[in-house]
Amino acid sequence: MIEKKRDPKPKIFFTAAILLVLCILGYQLLFPTPVPSSDGVIQLLQKAEAVYQPGNTQLLSCTASDVDGYEVVSDYDQVVQTIFTSEGIQQLEQAAIDGKPLIRKEQDQVLRLSADENSSAYFDNIQAAKLLDQQDNLFAFRIEFPSPDDGQTLQTDVVVAMQEDGSLLLYSLHYPSCDQ
């Protein structure tokens, strides 16, 4: 009886695949994604507020529009991509205030609700940003901030930030004045 020799290539391929998986797991154990600082999360939330808050022009370049109650934002994509993940941008674009969409895209223009007398700042004086949970590069933080109504009562919320390509971005945020 003639004995067939087995091809060593599948065994080598399997061994290489196992080694690669072990190297990746070892790297993640040795070099986990660092937890963002509370200050970094607070600064990120203040940037997000500059986008969410009608009439705020700290980061966005806005001009008057023909659409009643809205202003044209000329640098929307460039700014929001430095603050939000794609999921965060989707959440922003689905947000509404008193039933009116916060962001509208029409005829190659991005429109944002313009300021009104009810435009409150929530994240000017965040008291705390505490890590609740971490899953890989996602970080859930509980934030505490004074209510704009009386400045004394603390409101709390949970935000999720993501470390992506070396940048900290917002993955999930429920902005207090939005009815999402």
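The legends below describe close-up views of a predicted model.

**View 1. The largest nonpolar core of the predicted model.** This core has 40 residues. Those with the most contacts inside it are L45, Y52, F84, L92 and F123. Two or more residues each are given by helix 2 (38-52), helix 3 (76-80) and helix 4 (86-94), and also by strand 2 (70-73), strand 6 (109-113), strand 8 (138-146), strand 9 (154-164) and strand 10 (167-172). Helix 2 supplies the largest share, 7 residues.

**View 2. Strand 6 and its pairing with strand 2.** The two strands run antiparallel and are joined by 4 bridges. Within this pairing, V72 stands opposite L111 of strand 6. Strand 6 is mostly covered, with 4 of its 5 residues buried.

**View 3. The hairpin of strand 5 and strand 6.** R104 has L111 in strand 6 as its bridge partner. The hairpin has 2 residues between the strands, and Q107 takes a positive phi near 45°.

**View 4. The hairpin of strand 7 and strand 8.** Strand 7 (residues 128-135) pairs with strand 8 in the antiparallel sense over 7 bridges. A129 stands opposite I143 in strand 8. Between the strands lie 2 residues, and D136 in the turn has a positive phi of about 55°.

**View 5. Strand 8 and its pairing with strand 9.** These strands pair in the antiparallel sense over 9 bridges. F141 is placed opposite V159 in strand 9. Strand 8 is largely enclosed by the rest of the structure, because 7 of its 9 residues are buried.

Terms used
Residues are numbered from 1 along each chain as its sequence is written. This is a predicted model: local features need pLDDT of at least 70, side-chain atom pairs count only at pLDDT 80 or more; totals for chains, interfaces and linings use all residues. Side-chain values use heavy atoms; hydrogens and water are left out. A nonpolar core is a set of buried Ala, Val, Leu, Ile, Met, Phe, Trp, Tyr and Cys residues joined through side-chain atoms within 4.5 Å. Buried means under 20% relative accessible area, exposed over 50%, partly exposed in between (1.4 Å probe, protein chains only). Two strands pair if DSSP finds at least two bridges between them.
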